[in-house]
Amino acid sequence: MNRIDIKLGLTILLLLITIILPLGFVMNQIFYGFYVSQAQEETHMLSSQYASLINDSTVENRLEVVEVAAKISNQKMLALSDEGEVWAQSNFSMSHHDTEYLFDLIHSADSHHYMTNSFEDSDGKTYIATASHIHVNNAKGHVIVFSSLESIILSIKNVQNFLKLSAIGALFLGIGLTYFISKKLSQPLVSMEKAARQIAKGNYNTRIVQKSGDELGTLARAINDLAFSLQRINDQRREFFANISHELRTPMTYLKGYSKVLREERWKTEEERDQYLEIIDHEATKLTYLVNDLFDLAQMDEGRFNLELKKVNINEIIKLVVKKTSYKAQEQHIRIEYRGELSDKDDIVLGDLLRLEQIFLNLVENAIKYTKIGSITISSVSGQENIKIKISDTGIGMKEEELPYIFERFYRVEKSRSRAFGGTGLGLSIVKQLVELHNGTIEVESIVGEGTEFTIILPKISD
Amino acid sequence: MNKLEWLIIFFFILLGIICLTISATWILPEMHRHLSLTFITICIYTFIPIFLVASIYIFYKVYTKKGKQNE
C-alpha cells in the first residue's frame, strides 16, 4: 500500500469514481425528465383534443363519443363537472376519495394543464394527470387524461441498468489506463529510489538512465552527479589514506632505522654519523611540512585560518621567490626568468606576506619539478584594480579534462606522477584556498608536452 | 513493465470496452448486428485522446530536435 504507484493509481481511480457517480445521477435525472415530459406532452395533447371535441361540438351525446374514443385507444380519461359529478370515464374506476383528491389537485394547479406527476389512486398505482377546461350545457368542468408512471419507471430502470453497466465498463477502462499511467509515471521515481539506496550502500557506480528534460530528468541527473562526486570523493579518500600512510611511513622508517643505528653506535666514522643525522633531520623536516600542510587545510576547512594582513609589495615577493628557487632550477639546468612590470610604490596588495610567498613558492617549485628542459617565466602586469601574475613553464603539461580537478585535495593527474615527483597532493589545494582568502582568483591553462601556465589575479589597494 | 502487467492492462481495457459495447447495443433491435461496429467506434473514441496527445508529443519532439540541429 505504501507505494507511490499504488497511491497514484488509487488517486486517479478516486477521481474517476468522483466524476462517474454524479455524472450517472445527472444522466439518470435527464432520462427521467425526458420520459416524464414526453408523457406530459402526450397527455396534454390528448386532454386538449378531448376538450376541444367536447367544447366545439354541438352533438348532444358528445361526452359519450369522447368516452368511446378513449376506450378504443385504451386511454385512461375522466370528465368531471366542477360540482363533482362524473360526466364520463374510460378504463378507469374511481372511488369517492380519489375524486375528492382530484378536485384538490385541480384547484391547487391553478388552471395549469399539468396537475401532477404522481397521482396515486386507491389501488396504489401512480399516474401523470393533465387537465383541460370543458363546458357542457353551461356547466363547467374538466377533462383529465392519465398516463401510467409505472411504464416510465420500468423504462428508467432499464436505462439505469445500462448506465450502471457502462459505468462499470468505464471504470474497468479507467483501471486499465490508470494502471499504465501510474506505472509509467512512478517508474522513474522507483528507479531513482533504488539507485539512491544502492548509492547509500556504497555502490557509487550506480547510474540512472532518464532522458526526459523535465524535473524527473533533472533529479536523475542530479543523483548521477551526486554518485559521481561521491565516487570521486571516496577514491580521493582512499588515495589520501594510502598517500598519507605512505608519506608518513617512509620518513618514519628512516627515522626509526637511523636513530637505532645511532643509539647502538653502529657507525664507523664521524662522517658516517653526520650523514645519518642529516638524513634524520631531512626526514623530520619532510614530516613537519606534511603535518603543517594538513594542519593548514584543517584550519581553512574550519574557517579558523587567520591571515596577518598588511600592505605587501608583490614585486618584492616574486623577486624573493625567484632568488630562493634559482639554485634548484640551476641544478636541473632550467632558466627562471622574471618579467615584472610592477612598480614597488604603486602595486601593493593587502595580504599576508608569508602566505603570499608560500603561494608563489609552491607554484614555482611545482614548475621546476615538472619541467625537464626549457624555462620558467614569471610575468606580472598591473591593471586598474588588479595585479595579474603569470607563472608559465615548458614542462610536461596536463590534459584539458584534468584541469578542473587539479586544485582538489590529493588529486593526482597521474598516479605515477606522485611516485616519480613526490609531493602530498595538497600543495595546489592550499594555493587555491590561500588565493581565495586574499580575495583573488587562480586559473590554469595547460597543453600536454608544451607546458602549463597559472594566472593569479589579486586585488590592488590604492593609497 | 513486465509481460504480466501489460496483460493485466490489456485485460482491463478490453473488459471495459466490452461492457460499454454491451450497454450501448443491448437496447437496439438485433444487437449482434451492431456489436462489432459499436466496439470499433468505442475503441476509436477511447484512443482518440491518446493518439492526439502522442501526435502532439511526437510533433513537439521533432520540432525541438530540428530547432537544435539548426542552432
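A pocket here is an open set of points on a 1 Å grid over the protein atoms alone, where a 1.4 Å probe fits, with protein on both sides within 12 Å along at least five of seven lines; lining residues have an atom within 4 Å of a point. A volume is the space filled by probe spheres set on the points. This is a predicted model: local features need pLDDT of at least 70, side-chain atom pairs pLDDT 80 or more, while totals for chains, interfaces and linings use all residues. Residues are numbered from 1 along each chain, and side-chain values use heavy atoms.

The second largest pocket holds about 740 Å³. Among its 19 lining residues, A:Phe180, A:Ile181, A:Lys184, A:Leu185 and B:Val53 are the closest to its centre. The lining divides into 15 nonpolar, two polar and two charged residues.

Now the interior. A nonpolar core joins buried Ala, Val, Leu, Ile, Met, Phe, Trp, Tyr and Cys residues through side-chain atoms within 4.5 Å; buried means under 20% relative accessible area (1.4 Å probe, protein chains only). The largest core has 44 residues, and A:Ile314, A:Phe360 and A:Leu363 have the most contacts inside it. α8(A) gives the most, with eight residues.

Finally, the rings. Rings of Phe, Tyr and Trp (its six-membered ring) pair if their centres lie within 6.5 Å; planes over 60 degrees apart count as edge-to-face. There are nine such aromatic pairs over all chains. A:Tyr127 and A:Phe146 have centres 6.0 Å apart and planes at 75°, so they are edge-to-face. Both A:Tyr127 and A:Phe146 are buried.

Technical notes
Chains lettered and ligands numbered in written order. Nonpolar A, V, L, I, M, F, W, Y, C, P; charged D, E, K, R; others polar. Buried < 20%, exposed > 50% of the residue type's maximum accessible area, 1.4 Å probe, protein only. Helix = DSSP H or I, 4+ residues; strand = E, 2+ residues; numbered from the N terminus. Phe/Tyr/Trp six-rings, centres within 6.5 Å; stacked < 30°, edge-to-face > 60°.
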